[in-house]
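Hi everyone, thanks for having me.

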Amino acid sequence: MNEQYVEERIRQYSKTRTIYEEFAEQILAILKAIVKQEYPDIKIASYSRRAKEIESLRKKLRKDKYNENSEITDLAGVRIITYSKKDIPFIAGIIEKSFDIDHQNSVDKTHMLGHDKVGYRGDHYVVSFGEDRIRMPENKKFKGLKCEIQVTSLIAHTWSEITHEKGYKFEGELPEDLERRKNLLAGMLELADLEMDAYVESFDNYVSKIEQEIEKGCLKYQINSMSLERFMAWKFPCISPQIFRDIDLILTELSLFGLSTIKELNGLVRLEYEKEIRKAEWRSLDGIIRNILIIDDADQYFTKVWNPSMNQMNRKNYELYQRFHVDIDRICQEHNICII
């Protein structure tokens with residue numbers, strides 16, 4: 001590569017780099033808005049955007065495969081990292097319908113590897129604004145610009161970052177033992193990606209099953225954060241929004257009280273108490289569950305569960321316990337609890 005030409009390209013890019021930064025920022029803003037609107041349940045590990053660094057471009061231009069006629073299509077860049085590999089096709093669909101795609105320069109790294117190789121997997125799109133977007137006054141300055149959008153999973157991104165960083169420090173072929181270890185590690189990470197997807201799918205199916213069965217009155221599930229949340233939504237649909245202040249503490253209290261299944265907890269809920277909740281319009285699920293236990297067996301609760309450092313009781317709760325014939329005055333006296 002002619003060094004004079006390289007420096008001329010660098011000078012030209014230096015003058016317009018700010019535009020590429022703005023272009024990448026605009027691309028990312030569009031993607032984030034559409035993902036949030038169309039797929040609110042997709043969890044994104046990170047979004048990032050950048051304009052290519054000057055030194056990175058200089059190094060790229062000096063490589064043998066580039067010449068005076070070569071087009072550099074990643075001067076603006078956006079990266080989307082998903083927690084789950086299964087979400088990548090949804091993001092890819094948004095990209096394909098939102099921008100003009102330069103298919104010649106876009107790369108499906110997974111397809112390139114084929115079925116018999118391991119390594120980095122992800123989708124790389126080179127995009128530009130279509131006519132509709134370019135006609136907008138704020139986008140006219142981006143006419144003719146291209147941006148590379150990378151979509152990959154968190155595990156694949158980790159592998160890419162490690163090999164990219166090491167690649168800058170080493171040129172040429174690795175010794176056989178290191179090459180083998182690198183390939184083994186790539187295979188392990190790909191397997192981890194697949195297992196992550198399988199786990200996420202199984203977890204989602206488990207949650208869906210809990211929701212469906214609890215709605216049908218099947219309460220066989222062990223008490224955990226998920227089953228407890230679904231049970232409370234089913235048992236007290238009048239409460240909206242439903243709020244847990246400290247679900248870990250409530251799970252501990254239920255365990256100390258001797259409850260292990262949702263069916264056992266449901267068995268303690270009196271019909272009169274359900275009516276009380278609807279009338280009082282309480283919102284704190286922690287307090288509602290705690291009152292279920294106290295109304296059922298106050299002595300057991302204050303002996304096995306109650307934290308002695310909590311030496312105060314809300315008068316609203318005090319009056320509730322009186323209505324349900326809890327001997328609350330004796331309990332307050334025995335446990336040095338004052339009514340506030």
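Before we start, one term: a residue is called buried when its relative accessible area is under 20%, exposed when that area is over 50%, and partly exposed in between. Keep in mind, too, that this is a predicted model.

Okay, aromatic rings. The count here is 12 aromatic pairs. Take Tyr-206 and Tyr-221: their ring centres are 6.3 Å apart and the planes sit at 80 degrees, so we call this pair edge-to-face. The cut-off for that label is planes over 60 degrees apart. Where do Tyr-206 and Tyr-221 sit in the chain? Tyr-206 is in helix H7, residues 176-215, while Tyr-221 is in the loop between H7 and helix H8, which covers 225-235. That puts them 15 residues apart, and the pair links distant parts of the chain.

Now use our term. Tyr-206 has a relative accessible area of 33%, so it's partly exposed. Tyr-221 comes in at 9%, so this one is buried. Tyr-221 has another neighbour: Lys-220 lies over the face of its ring, 5.8 Å from the ring centre. Elsewhere, Phe-23, Phe-99, Phe-129 and Phe-142 are joined by ring pairs into a cluster.

On to charges. Side chains of opposite charge can pair when their charged atoms come close. How many salt bridges does the structure hold? There are 25 salt bridges, and I've picked a few to show you.

Let's begin with Glu-53 and Arg-17, whose side chains meet in a salt bridge at 3.3 Å, N to O. Glu-53 is in the loop between strand S1 (44-51) and helix H2 (54-61), and Arg-17 is in helix H1, residues 3-38. So these partners, 36 residues apart, link distant parts of the chain. Buried or exposed, for Glu-53? Glu-53 is exposed, with a relative accessible area of 51%, whereas Arg-17 counts as buried at 17%.

Arg-49 belongs to strand S1, and the two residues are 24 apart in the chain. Both count as partly exposed, Glu-25 at 43% and Arg-49 at 40%.

My last pair is Glu-38 and Lys-97, with closest N and O atoms 2.9 Å apart. Glu-38 lies in H1 and Lys-97 in helix H3, residues 88-98, so this bridge ties together parts that are 59 residues apart in sequence. Glu-38 is partly exposed at 35%, and Lys-97 is exposed at 56%. There's also a network of salt bridges, linking Glu-3, Glu-7, Glu-55, Arg-58 and Arg-62.

Finally, the pocket. Rolling a probe the size of a water molecule over the atoms shows where empty space is left. I'm showing you the second largest pocket, with about 600 Å³ of space. It is lined by 28 residues, and those nearest its centre are Arg-290, Tyr-301, Trp-306, Met-310 and Asn-317. Which element gives the largest share of the lining? That's H12, with five residues. Other elements giving two or more residues include helix H9 (247-257) and helix H14 (315-323). By type, the lining residues divide into 13 nonpolar, 10 polar and five charged.

Methods
Residues are numbered from 1 along each chain as its sequence is written. This is a predicted model: local features need pLDDT of at least 70, side-chain atom pairs count only at pLDDT 80 or more; totals for chains, interfaces and linings use all residues. Side-chain values use heavy atoms; hydrogens and water are left out. Rings of Phe, Tyr and Trp (its six-membered ring) pair if their centres lie within 6.5 Å; planes under 30 degrees apart count as stacked, over 60 as edge-to-face and the rest as tilted. Helices (H or I, at least four residues) and strands (E, at least two) are DSSP runs, numbered from the N terminus. Buried means under 20% relative accessible area, exposed over 50%, partly exposed in between (1.4 Å probe, protein chains only). A charge sits over a ring if NZ of Lys or CZ of Arg is within 6 Å of the ring centre and within 35 degrees of the ring normal. A salt bridge is a side-chain nitrogen of Lys or Arg within 4 Å of a carboxyl oxygen of Asp or Glu. On a 1 Å grid over the protein atoms alone, a cavity is a set of points where a 1.4 Å probe fits but cannot get out, and a pocket is an open set with protein on both sides within 12 Å along at least five of seven lines; lining residues have an atom within 4 Å of a point. Grid points are joined across faces, edges and corners, and a volume is the space filled by probe spheres set on the points. Ala, Val, Leu, Ile, Met, Phe, Trp, Tyr, Cys and Pro count as nonpolar, Asp, Glu, Lys and Arg as charged, and the others, Gly among them, as polar.
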